[in-house]
Amino acid sequence: MNAPAYNFAYLNEQTKRMIRRAILKAIAVPGYQVPFASREMPMPYGWGTGGVQVTASVLTPDDRLKVIDQGADDTTNAVSIRKFFVKTAGVATTERTEEATIIQTRHRIPETPLTADQILVFQVPIPEPLRFLEPRETETRKMHALEEYGVMHVKLYEDIAQFGEIATTYAYPAKVADRYVFDPSPIPKFDNPKLDDCPALQLFGAGREKRIYAIPPHTKVKSLDFEDHPFEVQRWNEPCALCGSRTSFLDEIVIDDKGARMFVCSDTDFCAKQRDGR
Amino acid sequence: MSEQGFTDAAVEAAHAFRAIMQAMARPGMPVPLEVKLQAPHPLDPASAAVALTLCDFQTPLWLSPMMATEAVAHYLRFHTGAPLVEEREGAHFAFLSASEETPALSLFSQGTHEYPDRSATLVIQAATFNTRDVVLSGPGIKGTTGFGVAGLSQRFWSAMAENHAHFPIGIDVIFAAQGRIAALPRSTRVVLQETV
């Protein structure tokens, strides 16, 4: 039930209008980071304040919300945010990917393919893909305006020169609709192919950095690479120790103090579904 | 009361925004937008819902000659608190009708290459949608889709094709037609049917 002291979904209506206008411009210019007047939220920066503000602005009382943190529904961050929206918006929640209408995620895309009826909301720490290469906002803004992304290719090339391969494994930069290079948030590069031609709308919110960006459904998302060093995703030598999946992203878990380890699905809902034969 | 706004603002605006967002994310696909509000003639209730969902004191509005009646101006001022402006370039939102001559799109704010988001959104109301005027492709569209709006001229669609040519700067358009809305963001490629 709604706690009566809150407006629906916590934010006041003027804040939602401001965020909603930013979301529409973000959709109209795919991959461009729209500045917005990010609010203080009742949780610290780094806990998904950007994602929470985006979710609060797109949520209706009819939605069914799923929240994941690194693929898991039962970790602190995911549980806190889910409870936040149950308390402030009274929405239904689920842990099953296929039942959700809105999925807020920290650092993963679910293994279960998304549909056109779903919206994926990413929590983003550093939205600017060029930030570690060029610290000045005035410069990176100009680089995006001029479509000047050579420095990013130099960075990837230096990886190859030093390690023999592109060593970036998460937050792997990609180009949206042949125009803007963007940061897909720290998802493993394993998830990058899922961004491309996705039937669901994908929204990205960075609370501390005050940026919102979007990828509309069925939009081309191309991970940056070279002809002789094409983009590749991680592979594992063994299947998930719990469900036996050979197609999902696996977490390495240390299980004793003698160095024994096991590999299990990072997506807890997908793993449970495989085991239940759902 | 004949000129009513939202009765439950948070929930009605949330539903209206979802429809607007779905429309913007899927260019050329009409989306139902059910509204309970009552808007003064000639403002379409769907256009009014867009205004009440997105406009406030931060967004100057421009009304086309047909829309700029005393009743509409009063309604929008009262329910949104948005300032009405005479000059097109200062407007964040513009409300127009398909049954009047569309002004040159380049007179509206286009944004800059550094800040392409600082551009105007046009809300054009019409009688109906069709699938015959133009063929759309681009982000949000699987393959291509046919789209059209009753009353809009070939000149308008040429201007929208031109608008896309300047991407990433340019305006975005929301169409409202009796309980349904559709959108045409600047990211969409527009090809006139005759020239396909």
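**Note on aromatic contacts**

1. Arg118(B) lies over the face of Tyr115(B), 3.7 Å from the ring centre; such a charge has NZ of Lys or CZ of Arg within 6 Å of the ring centre and within 35 degrees of the ring normal. In chain A, Arg179(A) is placed over the face of Tyr180(A), at 4.3 Å from the ring centre.

2. The model is predicted: local features need pLDDT of at least 70, side-chain atom pairs count only at pLDDT 80 or more, and totals for chains, interfaces and linings use all residues. Residues are numbered from 1 along each chain as its sequence is written, chains are lettered from A in the order in which they are written, and side-chain values use heavy atoms, without hydrogens and water.

3. Phe190(A) and Trp236(A) form an edge-to-face pair, because their planes stand at 70 degrees, with centres 5.8 Å apart (edge-to-face means over 60 degrees). Phe190(A) is buried at 9% relative accessible area, while Trp236(A), at 25%, is partly exposed (buried is under 20%, exposed over 50%, partly exposed in between; 1.4 Å probe, protein chains only).

4. Trp62(B) and Phe108(B) are also edge-to-face, since their planes are at 75 degrees; the ring centres are 5.5 Å apart. Trp62(B) sits in strand 2 (residues 61-63) of chain B and Phe108(B) in the loop between strand 3 (93-97) and strand 4 (121-125), so the pair ties together parts 46 residues apart in sequence (strands are DSSP runs of E, at least two residues, numbered from the N terminus). Both Trp62(B) and Phe108(B) are buried.

5. Ring pairs also join Phe129(B), Phe147(B), Phe156(B), Trp157(B) and Phe175(B) into a cluster.

How values were computed. Rings of Phe, Tyr and Trp (its six-membered ring) pair if their centres lie within 6.5 Å; planes under 30 degrees apart count as stacked, over 60 as edge-to-face and the rest as tilted. Helices (H or I, at least four residues) and strands (E, at least two) are DSSP runs, numbered from the N terminus.
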